[in-house]
Amino acid sequence: MLKIGSREFSSRLLLGTGKYPDFDIQRQSVEVSGAEILTFAVRRMNIFEASQPNFLEKLDLKKYTLLPNTAGAKTAKEAVRIAHLAKASGLCDMIKVEVIGCQKTLLPDPIETLKAAEELVKLGFIVLPYTSDDVLLAKRLEEVGCHAIMPGASPIGSGQGILNPLNLRFIIEQAQVPVIVDAGIGTPSDAAIAMELGADGVLLNTAVSGAKDPIKMAKAMKLAIESGRLGYEAGRIEKNEYAIASSPVEGMSIG
Amino acid sequence: MELVINGEKIQVSAAESTVTGLLRHFDLHHKVVIVELNDEIVAKESQSDTRLSNGDKVEIVHFVGGG
């Protein structure tokens with residue numbers, strides 16, 4: 001079970017809801033992914049198009065936990081405002097802190113992220129910050145009371161996979177709260193590697209929504225994450241420089 | 001009266017003098033929307049008795065797809 005704050009989830013896949021080809025493909029992708037936590041962004045509404053469909057209205061909200069993000073915020077102050085707006089919906093008390101410091105790389109601003117996270121913890125939110133794979137920053141985020149740490153594997157939407165497995169392992173080893181690898185996952189094997197490293201979960205969006213067949217990729221990610229987790233729990237063998245025979249060396253009937 | 005809704009100046013009948021009235025006017029009252037009036041969030045339960053006046057700044061936001 002994945003435990004965040006006081007809540008427990010059986011799925012370790014957290015799914016983003018952006019950029020799907022259409023709502024029907026999105027609904028089916030969410031369903032087959034088995035995800036229980038879905039991320040959303042908070043944006044101004046087009047008030048002149050009230051009839052425009054919204055994916056949220058198509059969801060059975062009893063089945064899912066909403067994880068709104070603070071995307072669009074460049075400062076801690078803006079992130080805190082977006083978090084308040086999200087909470088005022090009455091639908092959620094979890095928040096993904098996302099304070100982007102560079103529009104080209106979409107890498108998070110570490111100082112503003114830490115400030116926002118600290119304040120939101122004090123305000124009673126369940127706080128999951130999106131952070132770089134900086135080991136000490138992850139520690140600081142945990143120290144201010146974050147309920148999970150979400151280091152990126154590589155830049156958002158880049159699909160480059162895990163660029164620094166060592167840092168992720170260090171973050172996972174030191175953490176007393178769940179570590180969810182967020183951003184940069186491209187393939188099921190990327191997600192499996194994150195889980196084999198010991199991550200408690202994976203958050204991804206574009207890898208599914210941008211795939212040629214999002215529904216099939218959602219299923220692949222679900223299986224990869226389950227598989228990676230089982231592999232981690234089972235405990236891998238030691239690596240050896242040379243071969244070690246699997247068959248017995250005694251009792252051979254030749255020679 | 002004139003309101004600034006989501007950054008745009010919009011003329012609204014003076015009859016829509018509460019937040020609930022405004023949402024109803026735009027057919028948004030059954031939607032999941034969050035309203036900010038002059039930078040303060042208006043809680044759902046106080047939307048029907050929060051009055052609007054000329055020049056007020058209103059933000060109407062909702063959840064959209066995102067990662």
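How much area is buried between chain A and chain B, and what percentage of it do carbon and sulfur atoms give? The area buried between the two chains is about 2,500 Å², and carbon and sulfur atoms give 62% of it. Buried area here is the accessible area, taken with a 1.4 Å probe, that two parts lose on being put together, summed over both. R44(A), M45(A) and I47(A) supply 29% of the area that chain A buries against chain B, more than any other three residues.

This is a predicted model, in which local features need pLDDT of at least 70 and side-chain atom pairs count only at pLDDT 80 or more, while totals for chains, interfaces and linings use all residues. Residues are numbered from 1 along each chain as its sequence is written, chains are lettered from A and ligands numbered from 1 in the order in which they are written, and side-chain values use heavy atoms, with hydrogens and water left out.

The contact (heavy atoms within 4.5 Å) takes 33 residues from chain A and 24 residues from chain B. Between the chains the count is 3 salt bridges, a salt bridge being a side-chain nitrogen of Lys or Arg within 4 Å of a carboxyl oxygen of Asp or Glu. In a salt bridge, the side chain of R81(A) meets that of E36(B) at 2.8 Å, N to O.

Among the elements of chain A, β4 (37-44), β5 (65-68) and α2 (76-87) each give two or more residues to the side that touches chain B. The most comes from β4(A), with 6 residues. Helices (H or I, at least four residues) and strands (E, at least two) are DSSP runs, numbered from the N terminus. The strand β4(A) is also joined by 5 bridges to β5 of chain B (residues 57-65), and the two run antiparallel. Within this pairing, F40(A) has G65(B) as its bridge partner. Two strands pair if DSSP finds at least two bridges between them.

Chain A as a whole has 8 helices and 10 strands. Three of its strands form an open sheet in the order β6-β7-β8, with parallel pairing. In chain A, β6 (94-97) and β8 (150-151) stand at the edges, each with a single partner strand, so one side of each is left without a neighbour in the sheet. The parallel strands β6(A) and β7(A) (residues 126-131) are joined by 4 bridges, and I95(A) stands opposite V127(A) in β7(A).

The C-alpha trace of chain A spans about 85 × 40 × 35 Å along its principal axes.
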